[in-house]
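Please look through the sequence and the model shown here.

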Amino acid sequence: MAISNNDIYYNFLRCSLHNANEVPSGVESIDWEEFYVYCSKHGVLGIVLDNLDKLGLKLPQDIMLQWIMVVEGLKNQNRITNSRIKQLINYWDSTNHRCVVLKGQANATMYPKPELRCPGDIDLWVEGDEVEIIRQVISICSDAPYSIHHVRMPVFKDVPVEVHYRPVYLSNWFNDKKLKNYIDRNREKQFANKCVIDGMEVGCLTGSMNLVVQLLHMYSHFFGTRNNFKQLFDYYYLLRCTSNKDKKDLPELFKELGVLKYARGIMWIMKDVLGLEDDYLYVEPDEKVGQVILSETNRFGEYSQNTFVMILQQFMYNLKLIRFFPSEVLISPLFLGWHQWWKYKTTRALRRA
């Protein structure tokens, strides 16, 4: 049976994570331009190029040069992003707010070569009341947009910034209340935990909380713009860097939060697609759910830029997921309506002196 393009791509992604010396099967039929576009869309150009160099594969010169130039740009952007993090932390320290770096550059510290991870925006969890945090950001960025869990802080032209009053949320109100309780119980541990980014000690999530936040972040994206392989790579390295002791309570917690089925699907991708060893998994993989998640991952980047059209597209796509995630699919339209009500109430609170 002929190997599909996607299977060839997955082989390359797995080899890149494992720094393998063996050329993956199917390489003779690959279209390098298409593969470049695929890696670019999924934010993994740097990691894959590093492995291509090691394997000594010959790519068309124009594609190889373009790939190298983009990756050099990623390295520079990582340096810029790290310097911006230092500025932001100094700012929030000056306002007596503790903060934690979420995802992004904190994830990069777990990569063998952090400079090759594709940088995105800066996500900070800042301790404090949501209205207070939004008001603080608006005082320096008057047009800063805000939502249920964060406010954008457009203070830099070269790096987007999102300031979170809570690290993650769930659309299901009952499960979200349980999530809030879990976060509150573990709050102090998070603001006391540290990691080093570009020589600077900064606040970052503990391993167990990080596994929860990033799984729920992917879960939210799964019903929105879909997951991409950069998120999956981040979770792969996070699983490798977190002790089994810090994972032991996750199955029960994810069951309580209503996301255990999704977690089992992600574990299947970690093991069968990305080659993660069984010892690092915290729950039994589910191939059926994993295949659904993987299929939808390949839809990443397909949506319209028009907000209304995008929401309609997502809802129509999500209807076919109702077999696996019925409550999440059905509650999504209600959550969108409730979110508008939350924004109305928050706007009124911000206008009060």
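## Basis of the report

This is a predicted model, in which local features need pLDDT of at least 70 and side-chain atom pairs count only at pLDDT 80 or more, while totals for chains, interfaces and linings use all residues. Residues are numbered from 1 along each chain as its sequence is written, and side-chain values use heavy atoms, with hydrogens and water left out.

## Aromatic rings

A pair of aromatic rings is described by the distance of the centres and the angle of the planes. The structure holds 27 aromatic pairs. One is formed by phenylalanine 335 and tryptophan 338, with 5.9 Å from centre to centre and 35° between the planes, and counts as tilted. Rings of Phe, Tyr and Trp (for Trp, its six-membered ring) pair if their centres lie within 6.5 Å; planes under 30 degrees apart are stacked, over 60 edge-to-face, and the rest tilted.

Both residues of this pair belong to helix α15 (residues 326–351), where they are 3 residues apart, about one turn of the helix. Helices (H or I, at least four residues) and strands (E, at least two) are DSSP runs, numbered from the N terminus. Phenylalanine 335 is buried at 9% relative accessibility, whereas tryptophan 338 is partly exposed at 30%. Buried means under 20% relative accessible area, exposed over 50%, and partly exposed in between (1.4 Å probe, protein chains only). Elsewhere, one aromatic cluster is formed by nine residues listed here: Tyr9, Tyr10, Phe12, Trp32, Phe35, Tyr36, Tyr38, Trp67 and Phe229.

## Charges over rings

The charged end of arginine 226 sits over the ring of phenylalanine 222, 5.9 Å from the ring centre. Lysine 343 has its charged end over the ring of tyrosine 146, 5.8 Å from the centre. The term requires NZ of Lys or CZ of Arg within 6 Å of the ring centre and within 35 degrees of the ring normal.

## Helix packing

Helix α3 (residues 45–55) packs on helix α4 (residues 61–94) at about 125°, and their axes are 10 Å apart. Axes are lines fitted to C-alpha atoms, for helices over the stretch in contact, and angles run from 0 to 180 degrees between N-to-C directions. The two helices are therefore oblique to each other; angles under 35 degrees count as roughly parallel, over 145 as roughly antiparallel, 65 to 115 as roughly perpendicular and the rest as oblique. Residues that meet include Leu49 and Leu52 in α3, and Trp67 and Val71 in α4.

Helix α10 (residues 229–241) and helix α12 (residues 260–273) cross at roughly 85°, with axes that come within 11 Å. That makes α10 roughly perpendicular to α12. Leu232, Tyr235, Tyr236 and Leu239 in α10 meet Ile266, Met267, Ile269 and Met270 in α12.

## Two residues of helix α9

Leucine 216 lies in helix α9 (residues 207–222) and is buried at 0% relative accessibility. Not counting residues up to four places away in sequence, leucine 216 touches Val168, Leu170, Leu179, Leu257 and Val259; contact means heavy atoms within 4.5 Å.

Serine 208 is also found in α9 and is buried, at 19%. Leaving aside neighbours within four places in sequence, serine 208 is in contact with Tyr182, Thr242, Asp246 and Leu250.

## Positive phi in loops

Asparagine 96 is not a glycine, yet has a positive phi of about 65°. This asparagine is in the loop between α4 and β1 (99–102) and is exposed, at 72%.

Aspartate 198, not a glycine either, has a positive phi of about 50°. Aspartate 198 lies in the loop between β5 (194–197) and β6 (200–203) and is partly exposed, at 49%.
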